[in-house]
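Open the model in your viewer and keep the selection tool at hand. This tour goes stop by stop.

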Amino acid sequence: MSSFTQRECKILGKIIRVSNSTLEIDDRLTRIVEIIAEAFSTHFCGLYTLHKDKNPFILTASSHHNGIEADSSVISRWEGLMGKVAQSRQPSFFGEDDGTGGNVKGMMSKETAAFSLALIPIADDSFSYGVLLLYYAQSRRFGDDEREFLLTVGREISGTFRNAQLFSEAKRRISELTSLYDSSRIVTSTTEWKDLLELVVRTGTRVLGANGGTLRLKDGKTQKLRIESQLGTYPQSLVSLDDEIAKGVLSTGQPTLIGDVNQKREGEPLLSLLCTPLLSRGRAFGTLTVYGKKGGKLPQNNAFGREDERLLSIMADQMANAIENASARLNATRIAEEKDLQANQLSLLYEINNALLSTMKFEQILHIILTAITLGDGMGFNRAMLFLTDERKNRLTGMMGVGPDNAQQAGNIWKNFEGKRDKLSEILSSLCDRYSPTGTLLDERVRRVNIPLDRGECILARTVREQKPFNIDYGRDRVTCQKDCELNKEINCVLRTNSEGDIKSYRFAAVPLWGRESTIGVIVVDNFYNGRPITDDDIQLLTMFTRQAGLAIENCILYKYLEDAHVELKKAQETLLEREKLAALGEMAASVAHEIKNPLVSIGGYTRRLHRKLDNGLYEKRYTDAIIKEVDRLEGILNDILHFSNTSNVVFEKFDVNRIIEETLTGIEDELRSQGIEVEKSLDGNLPQIPCDYQEIKQVFINLLTNAKDVMGGGGRLTVKTFPFSQEDRDYIGIEIRDTGGGIPSEVLHNIFNPFFTTKGWGTGLGLAICHRIVDGHLGAIEVNNDPGRGVTFTVKLPVEGRGQWLTSSKASNRTPSLAKRQRE
Amino acid sequence: MRGAMMKKILVVDDEENIRFLYQEELEEEGYTVDVAAHGQEALEKLNAFQPDLVTLDIRMPGMDGVETLRKIREVQRDLPVILCSAFGEYKQDLTTWASDAYVIKTSDLTELKGAIKTLLSKD
């Protein structure tokens with residue numbers, strides 16, 4: 001070891017100062033080279049650094065003197081020499097005493113015959129960084145001290161390199177740490193899903209110094225990669241290759257590094273690509289690709305290396321966690337939101353249901369249903385219409401429409417209820433109390449709608465038939481409607497006049513109303529005023545609701561039936577009670593009548609005697625006459641009452657009805673004559689005898705003929721006709737009694753057979769009731785043919801083979817013939 | 001004597017006014033009339049009076065008309081009997097068929113007189 005001279009120490013000091021300075025490594029090397037060039041008065045001094053790849057030596061720094069410049073293109077020509085030095089880490093000197101000068105001819109642009117060259121290895125114990133070249137365009141001798149000193153300088157430069165490398169390593173570490181920190185920030189950040197994915201790509205490209213990046217994730221459903229986020233400019237030539245690489249990375253789970261995608265293409269710039277998998281528990285669920293590394297000054301630096309690959313993998317691991325967590329969080333949020341929505345929907349349905357339960361009135365139920373659909377706090381449709389099926393007629397009938405007639409009205413209604421925090425059920429009830437749909441344009445139009453259910457194309461009919469909802473967009477769906485469709489006519493008419501001509505954008509939905517067993521109708525909704533699209537969620541909620549609504553409507557209808565039935569039963573019960581009361585009254589009346597009968601017989605009988613004994617023309621005869629008449633009347637009333645209250649005293653025997661009629665007519669012929677009533681008899685001589693109760697049938701004729709006589713107080717024509725006829729294979733006889741008394745007012749016609757009904761102003765009002773009862777008892781019928789303004793025809797029909805058949809035929813042979821029978825004999 | 005030729009009618013009724021009315025009316029028609037206020041008396045008078053015909057009120061205290069009719073039939077099977085009633089309350093009772101006529105009481109005795117005439121003219 002020789003000690004350095006003061007000058008050498010000074011040079012070394014300069015070099016060390018520069019080496020330890022904060023300048024960029026390239027600048028430091030340049031300065032050092034300049035110091036050396038100056039100190040050794042070289043014509044050229046250059047520092048060649050070793051490069052791993054294709055160009056082993058790169059002129060990193062140089063200093064020129066005396067017009068000599070190194071031609072970088074010829075560096076390759078001395079590669080052998082420099083390589084030897086670098087590999088052996090032994091210096092080479094070519095001076096006048098070395099005798100090798102000619103071997104390096106052509107190294108410099110300006111060739112000289114004589115030159116000297118010193119090649120100093122820049123290396124430490126473990127690594128060779130390059131070669132320091134000193135060139136003299138003349139013969140020169142390198143002394144031992146000089147050689148020793150140059151080696152020392154070389155070592156110092158290697159120290160500079162190592163320092164720089166350590167520094168850059170440290171810097172890289174810091175940047176790695178920074179990137180890890182960045183990625184960890186991503187991991188813990190609560191940013192939005194989309195933002196997070198973008199952040200991942202941005203961090204990846206920044207840390208790797210890439211031009212752009214792409215994040216792909218595997219779609220849960222299709223299992224295919226989908227680009228989630230992309231940054232930077234993306235070379236179009238890369239697209240398909242990029243996808244293929246990402247697919248490969250996803251399946252292998254291993255990163256792929258391509259130094260230059262355009263390697264095989266002449267003239268294309270270098271494009272490097274690095275793709276790394278995003279792993280979760282060893283399985284790839286996505287890829288992160290970066291491309292186009294932003295290099296340093298040299299194009300060689302624009303390719304990603306193993307370091308980059310490692311760095312990106314580290315980051316990807318961290319970010320994969322972050323993405324996974326975020327994805328889980330996203331799912332959780334989504335589920336929570338869904339649950340929230342469901343809870344809201346349930347509470348909405350609950351509230352509406354409460355409102356529905358508050359009433360059993362049909363119209364109100366419909367109103368609440370449609371209001372709930374249109375209310376902002378409810379389902380918020382603009383308009384709702386309800387149609388019910390009429391199974392008997394196989395038609396769909398409009399029941400109610402709720403919705404404003406115009407946008408202004410819509411705004412007013414909505415404004416009124418904005419911000420109110422009452423329970424929805426209360427709002428619904430109060431709204432339904434305050435606003436009636438009746439009279440609105442929509443309601444009127446809906447109520448006019450009546451569509452046959454078998455009409456093929458009609459959406460409403462199809463909704464009922466196919467029992468599924470339809471969400472129709474006139475612009476999107478092909479909707480064919482019948483030309484004469486009432487719905488089209490009614491609802492679309494409103495559309496055309498109100499929607500400012502833009503019929504094409506009209507959207508509506510038809511949802512079936514389900515009852516317990518089948519579809520009972522359709523609800524149609526639209527967003528006529530605000531044009532909000534109807535979503536599948538809307539339809540789903542509406543469907544849930546219409547199931548409830550359908551049941552409510554059905555319940556209401558059933559309830560109505562029940563109520564009607566109840567009313568009818570109540571009526572029937574009242575009638576029964578009334579009849580019982582009447583029966584009781586009748587019995588009482590009968591027993592009273594019975595007690596009165598005997599005295600009446602006495603009064604009447606004695607008066608008749610008295611009457612006969614009085615001389616004709618005697619004034620007192622008028623008194624007895626009055627008494628007789630009044631007694632007759634009383635007896636008549638008594639007979640009526642007794643007849644009506646007692647039906648068990650019927651004895652059937654065969655009688656000639658013509659004869660009974662003749663007898664009855666004879667009984668009243670004086671009165672008929674005195675009233676100027678003309679009698680026209682048309683009695684069929686071949687009329688068969690029929691089984692009947694003589695007294696009862698006579699009573700029927702008395703009542704009918706008396707009535708006829710009474711309504712013709714001012715005269716008229718009484719027509720009595722008998723005839724046999726057949727009906728449904730049974731033989732009957734008919735008795736027709738016609739008057740010209742002006743007929744019965746039609747409003748009381750239905751009452752005439754009711755007991756105690758009378759238009760005469762006298763009598764018991766039992767006459768026709770008794771007739772009815774008697775004819776019924778004979779299995780016959782009594783019909784009335786009213787000709788208002790003219791007269792009435794009563795027709796009594798009695799069966800030839802009647803109820804009394806067995807009685808008449810089973811009569812004991814030794815039975816004594818009755819009076820009536822004997823009268824005929 | 002006109003009386004020897006006259007038919008005899010026994011009127012049975014619990015009401016005196018009715019009995020008297022029937023008696024007066026029927027005597028005017030040329031019959032010999034006796035009266036009985038109840039069934040027992042009627043049965044007693046059958047032998048004493050020997051009527052050709054009996055009018056019998058159905059509703060009477062004690063032995064009613066139907067019962068009386070049965071007893072009459074026991075002793076005089078062929079004696080014509082007319083049942084009289086305020087209303088046809090026993091009409092369906094088969095025992096009333098044992099009578100020869102059934103007349104509903106009214107103040108107008110035409111029907112009753114007709115029935116009597118018919119029954120008596122048969123002999």
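At what angle do helix H1 and helix H2 of chain A pack, and how many Å apart are their axes? Select residues 6-19 for H1(A) and residues 25-39 for H2(A): the angle is about 170°, and the axes are 9 Å apart. Axes are lines fitted to C-alpha atoms, for helices over the stretch in contact, and angles run from 0 to 180 degrees between N-to-C directions. H1(A) and H2(A) are therefore roughly antiparallel to each other. That label applies to angles over 145 degrees; under 35 counts as roughly parallel, 65 to 115 as roughly perpendicular, and the rest as oblique.

**Before going on**

This is a predicted model: local features need pLDDT of at least 70, side-chain atom pairs count only at pLDDT 80 or more, and totals for chains, interfaces and linings use all residues. Residues are numbered from 1 along each chain as its sequence is written, while chains are lettered from A and ligands numbered from 1 in the order in which they are written.

Helices (H or I, at least four residues) and strands (E, at least two) are DSSP runs, numbered from the N terminus. Chain A has 20 helices and 23 strands.

**Stop 1: the H1–H2 contact**

Stay with the two helices. Show Ile11(A), Lys14(A), Ile15(A), Val18(A) and Ser19(A) in H1(A). They meet Arg28(A), Arg31(A), Ile32(A), Ile35(A) and Ala39(A) in H2(A). Contact here puts the C-beta atoms of two residues, placed from the backbone, within 7 Å. By class, the contact of H1(A) with H2(A) has 6 nonpolar, 1 polar and 3 charged residues. Nonpolar covers Ala, Val, Leu, Ile, Met, Phe, Trp, Tyr, Cys and Pro; charged covers Asp, Glu, Lys and Arg; the others, Gly among them, are polar.

**Stop 2: the five-strand sheet**

Next, find the open sheet of 5 strands in chain A, in the order E7-E6-E10-E9-E8, with antiparallel pairing. Two strands pair if DSSP finds at least two bridges between them. Strand E7 (225-231) and strand E8 (256-258) of chain A stand at the edges with a single partner strand each, so one side of each has no neighbour in the sheet. The twist averages 20° from one strand to the next.

Zoom in on E8(A) and strand E9 (residues 273-280) of chain A, which pair in the antiparallel sense over 3 bridges. Thr256(A) stands opposite Cys275(A) in E9(A).

**Stop 3**

Now select H5 (residues 193-208) and H7 (residues 306-357) of chain A together: they pack at about 175°, with axes 10 Å apart. H5(A) and H7(A) are therefore roughly antiparallel to each other. Contact residues include Trp193(A) and Leu196(A) of H5(A), and Leu311(A) and Met315(A) of H7(A). By class, this contact has 13 nonpolar, 2 polar and 1 charged residues.

**Stop 4: the six-strand sheet**

Move to the open sheet of 6 strands, in the order E13-E12-E11-E16-E15-E14 (chain A), with antiparallel pairing. Strand E13 (450-452) and strand E14 (470-473) of chain A stand at its edges. E14(A) pairs with strand E15 (residues 507-514) of chain A over 4 bridges. Show Asn471(A) and its bridge partner in E15(A), Ala509(A).

Last, select helix H8 (residues 362-374) of chain A, which lies across strand E11 (383-390), strand E12 (395-402) and strand E16 (519-526) of chain A.
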